[in-house]
Structure formats: C-alpha cells, structure tokens
Amino acid sequence: METLLASSSVRLRALLPRSCSRRVPTVRKRTLRHTHPRRNMSASANAAAVTAGVPAPSPPGSGRDNPHGGDVVVQYVVLRRDLIDTWPLGSVVTQGCHASVAAVWSSRHHPDVLAYCSDHNLDSMHKVTLEVKGETQLRNLSDKLKTEGIDHKLWVEQPEDFPTCLATRPYPKSQVASFFRKLKLCK
C-alpha cells in the first residue's frame with residue numbers, strides 16, 4: 001500500500017503546477033516498531049469503552065469477568081513420571097503442550113475457555129502440572145474423567161499409539177480439583 005501511495009503522490013506532483021508540488025507530501029517507507037499487540041488492543045479497547053460510556057473490563061484476577069465469580073479458571077496438565085525420567089525434558093514439555101492446546105481447541109467455544117483465553121487474561125492463565133507414575137495410571141485417570149464428564153484430551157503419540165499425557169480444558173478450579181488431589185505436583 002505504501003508503494004501505491006508513493007507512486008500516486010509522484011503522479012499527483014506531475015499534474016500540479018510547480019508552485020503546488022511542495023505541498024504534496026511524499027510517502028516514505030517506515031520501519032514499524034514491534035509492540036505487544038495485546039497491550040495495544042486492551043489499551044485501545046479500554047479507551048473506546050470509556051469514551052462510549054461503557055465500563056472498562058475489570059483487571060485480571062478480580063473475578064468480575066470470570067463466569068464463576070471468584071473461582072479461578074485453571075487447566076490441569078498431567079505428565080507421566082516414567083517419561084520425565086527417561087525422555088529429554090523438551091520432549092516431555094512438548095507432549096504437555098500438545099495436550100494443552102488440543103484440549104483448549106476442542107472446547108474453544110465454551111464460556112470457560114473464552115474467559116481463560118480472553119485478551120486481558122492471557123498474561124495470567126492458571127495451569128497446574130501434575131504427574132502420574134506411568135501409562136496405567138494415566139489411562140485410569142482419563143477413564144475416570146471421561147466417566148465423570150470432564151472434558152480433557154489424552155495425548156497419544158502417533159504412530160506409536162503411545163499415551164504420554166493429558167490435559168483438561170480450562171475449568172473453574174472448584175469443579176475439577178477433587179479429581180487431581182491425590183496427584184503430585186510435577187517437579
């Protein structure tokens with residue numbers, strides 16, 4: 001677009017008398033500074049809301065934007081301890097990331113997920129990373145969650161058909177914490 005504008009102003013200068021040609025600005029290429037888009041968007045959204053007479057969104061963690069009041073929305077990620085001890089750390093982290101993204105994407109239209117991924121909550125997401133001993137415990141946990149109607153993704157690495165971890169969709173902590181009480185924090 002800048003090239004189009006630059007060529008248009010050159011053509012415009014050619015059509016104008018010499019006395020007017022100094023008044024037509026030329027468009028130069030500018031280097032844009034990298035800015036954090038979320039902060040810019042929320043700042044402009046807040047400014048627009050104030051000028052429109054609409055209250056600005058409440059700050060993260062205040063509970064006003066959370067559909068469940070003060071109950072924090074959290075995503076649980078459960079990794080296998082046997083893999084943590086034998087696989088490279090990056091590979092285990094990648095498995096958890098796969099499960100986490102898949103669980104969020106699968107439920108992307110759910111109000112809890114929308115609140116969890118909203119612009120003003122992106123910098124304050126809550127995740128709890130836990131561990132189980134091995135494949136059997138991971139499959140048992142997945143079966144229990146399935147039976148109780150808890151949305152989650154059991155990540156099964158392909159083509160090996162090898163379950164590595166699971167992640168819930170974001171839930172209010174009070175709804176799902178009881179399923180994870182007996183599990184250890186991943187260290």
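Trainee: Is Asp82 buried or exposed, or in between?
Mentor: Asp82 is partly exposed, at 29% relative accessible area. Buried means under 20% relative accessible area, exposed over 50%, and partly exposed in between, with a 1.4 Å probe and protein chains only. Keep in mind that this is a predicted model, where local features need pLDDT of at least 70, side-chain atom pairs count only at pLDDT 80 or more, and totals for chains, interfaces and linings use all residues. Residues are numbered from 1 along each chain as its sequence is written, and side-chain values use heavy atoms, leaving out hydrogens and water.

Trainee: What does the Asp82 side chain meet in a salt bridge?
Mentor: Arg80, at 2.7 Å from N to O. A salt bridge here is a side-chain nitrogen of Lys or Arg within 4 Å of a carboxyl oxygen of Asp or Glu. Arg80 is buried, with a relative accessible area of 4%.

Trainee: How many salt bridges in the whole structure?
Mentor: The search finds 6. Another one joins Asp112 and Arg169, at 3.2 Å from N to O, and both of those residues are buried.

Trainee: And which residues are linked in a network?
Mentor: Arg81, Asp85 and Glu131 are linked by salt bridges. Within it, the closest N and O atoms of Glu131 and Arg81 are 2.9 Å apart.

Trainee: Switching topic, how many disulfides?
Mentor: The count is 0, a disulfide being a pair of cysteine sulfur atoms within 2.5 Å. For Cys165, the nearest cysteine sulfur is that of Cys97, 8.9 Å away.
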